[in-house]
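This briefing goes through the structure shown below, topic by topic. Please keep the sequence and the coordinates at hand while reading.

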Amino acid sequence: MSEAAATIPDTPLFDRAGSIRGYRINKMAMALGQPANRAAFKADEEAYLDSFGLSAHEKSAVMARDWHEMVRLGGNLFFILKISAVDPTPITRIGAAQASMEHEDFLHLRLGKKRNG
Amino acid sequence: MAKIIGGLGTSHVPSIGAALDKGLRDTPDWKPFFDGYEVGKQWMRDAKPDIAVVVFNDHGNTFFLDRVPTFAVGVAETYNPVDEGWGPRAIPAFEGAVDFSWHFVDKLVERHFDPMVCREIEVDHGLQVPMELFFGRPEAWPVKVLPIWVNTIQYPIPTPQRCWDMGTVLREAIESWPGDERVVILGTGGLSHQLQGARAGFINQAADRAWLDGIANNPEPYRAMSREDYVEQFGSEGAELIMWLVMRAAMNSDVNLIHKHYHAPASMTGAGMVVLENAA
C-alpha cells in the first residue's frame, strides 16, 4: 500500500511510517480537545509542548505554525487542526501553506472559488 | 421485520456545522450548498424514519492512534457531541437504538466481521453534520441512531469491497430484526478533497458528479476500485467515499435516484448528497 501510494504525487498517506513518526505531535494536538489543555497551551506553549516530549525540531515547526513541516514530520491534519482551533487559523490557509500558494490564489486555482466572490 | 426506507449519501464537512453555528447559512458562500439540501430535508420529513444508521469516520476526536478500530459499532444509550477543539456545540445528544445495534453486532460477528463494540463513546462531526443536514436543528432528534465508524485515517484503511460486504450484513440485520421500525441509512464522507501534502486543495468535480450518478445506477466499478484509485481520483481524504458503499450495498441492486445535489467548494471539499430508494 505504502509503495503504491507513493506514486500519487504530493499526496502523503498517513501510513505506518507516518503514524510512528508523528505520534508525539499528534498526541499533543489530540489533547487540545480538552479545554484545560487548550488553556495550558495558550498560557505557555513551549512548556505544553515539552510536556509531550516533542523534539526541538517538532517544537519549532509547531511554534512557527509551519503546517507543511508538521505534516512532513508525521502530523496528521485531523489532529493538528486542533492547534488551528486554538489560534484560530482557517483550514484554507493551512491548505495554501502546504501548496506553497498565496491564500487568494489557493482559493481560486485549487478550490475553484471566484475571485472576490 | 424492519424496513429500509432509503439510502442517503452525504458529505460531512465540519465547516457545515460551523457555518450553521455562526448563522452563515444564507451567505453567498453557503446558501447554494444549503439550498440544495432542502429537498433532502423534505424527503426526510415525509419518510418519517425511526432509526438512522450513520456510517462515518472519526477525525481524531474520539479515537486516537493508540487504538484504531477498522470498524466500530455503537451500542450506547446516548452519544454526546464531542468537543473537537472549538468548544462544545449547542446540538442535542443522540439517542442510541440500543437493542437494534446489538442485533447488528450479533449479525456482523456471525458473518465473520470483528467490530469494536462501543458502549460509551462520543461522536464527532462525521455523524453530527449529516444529521443536521437532513433533520435541521430540532430540540431533540426525531430518530434513534446506530453509529458505524470506519477507519479512513490511518492506513491500512478497509478495502471498498469490505465496506460493501458490511452493507450486505447491515441489510440482513435490518430484515431479520423483529421490530417494525423504519430505517434510513446514511453513508457519509467525501466527496473529493485533500487536506494534506502539496496537492492540498485538490477537488475533482467531474469525478464527484460521476460518483453521484454512478453510486445509484452503476456502483460496481466503485466496489472494484482500489484504495489507491480512490485517493488518486478523489484526494487523500476523498477516500472517505468508501463509506457510501456500506449504504449502497444494503439497498437493492436497482434503486431510484430521487434527489442529488452537488456544490464545490464547501470549505476545501466537493460536497454533495444523494437520496436513494429501492426500486419496486
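Does F64(B) count as buried, partly exposed or exposed, and with how many C-beta neighbours inside 10 Å? The model is a predicted one. F64(B) has 17 C-beta neighbours inside 10 Å and therefore counts as partly exposed; a buried residue would need 20 or more.

**F64(B) and its surroundings**

- The loop that joins strand 2 and strand 3 of chain B holds F64(B).
- Apart from neighbours within four places in sequence, the contacts of F64(B) are K27(A) and M30(A).
- Between the C-alpha atoms of F64(B) and I4(B) there are 33 Å, and the two residues lie 60 residues apart along the chain.

**Chain A**

- Chain A has 117 residues, of which 43% count as buried.
- Among the contacts in chain A with a separation of 6 or more, 53% come from residues 24 or more positions apart.

**The side of chain A that touches chain B**

- In the contact between the two chains, 37 residues of chain A meet 31 residues of chain B.
- At least two residues on this side of chain A come from each of helix 1 (2–5), helix 3 (23–30), helix 8 (77–86), helix 9 (91–99) and helix 10 (103–110) of chain A.
- Helix 8 of chain A gives the most, with six residues.
- The residues on the side of chain A that touches chain B comprise 21 nonpolar, ten polar and six charged.

**The largest nonpolar core**

- The largest nonpolar core has 121 residues, and those touching the most other members are V53(B), V55(B), L170(B), M243(B) and V246(B).
- Helix 5 (residues 160–175) of chain B is the element that gives the most to this core, with seven residues.
- With residues up to four places away in sequence left out, V53(B) touches L146(B), I148(B), L170(B), V183(B), I185(B) and L186(B).
- In soluble globular proteins, nonpolar side chains tend to be buried together.

**Helix 2 and helix 4 of chain B**

- The axes of helix 2 (residues 31–47) and helix 4 (residues 125–135) of chain B cross at roughly 80 degrees and come within 7 Å.
- Helix 2 and helix 4 of chain B are therefore roughly perpendicular to each other, as angles of 65 to 115 degrees count as such.
- On the helix 2 side of chain B the contact is made by Y37(B), G40(B), K41(B) and M44(B), and on the helix 4 side by L133(B), F134(B) and F135(B).
- Five of the residues in this contact are nonpolar, one is polar and one is charged.

**Helix 3 of chain B**

- Helix 3 (residues 98–110) of chain B has 13 residues, which at 1.5 Å a residue should span 18 Å; the 19 Å between its end C-alpha atoms agrees with this.
- Buried residues in helix 3 of chain B are F100(B), S101(B), H103(B), F104(B), V105(B) and L108(B).
- The cover over these buried residues includes strand 2 (51–56), strand 3 (71–74), strand 6 (116–118), strand 7 (144–150) and helix 5 of chain B.

Notes. Residues are numbered from 1 along each chain as its sequence is written. Chains are lettered from A and ligands numbered from 1 in the order in which they are written. This is a predicted model: local features need pLDDT of at least 70, side-chain atom pairs count only at pLDDT 80 or more; totals for chains, interfaces and linings use all residues. A residue is buried if 20 or more other C-beta atoms lie within 10 Å of its own, exposed if 12 or fewer, and partly exposed in between; C-beta atoms are placed from the backbone. Two residues are in contact if their C-beta atoms, placed from the backbone, lie within 7 Å. Helices (H or I, at least four residues) and strands (E, at least two) are DSSP runs, numbered from the N terminus. Ala, Val, Leu, Ile, Met, Phe, Trp, Tyr, Cys and Pro count as nonpolar, Asp, Glu, Lys and Arg as charged, and the others, Gly among them, as polar. A nonpolar core is a set of buried Ala, Val, Leu, Ile, Met, Phe, Trp, Tyr and Cys residues joined through C-beta atoms within 7 Å. Axes are lines fitted to C-alpha atoms, for helices over the stretch in contact, and angles run from 0 to 180 degrees between N-to-C directions. Angles under 35 degrees count as roughly parallel, over 145 as roughly antiparallel, 65 to 115 as roughly perpendicular and the rest as oblique. The expected span of a helix is 1.5 Å times one less than its number of residues.
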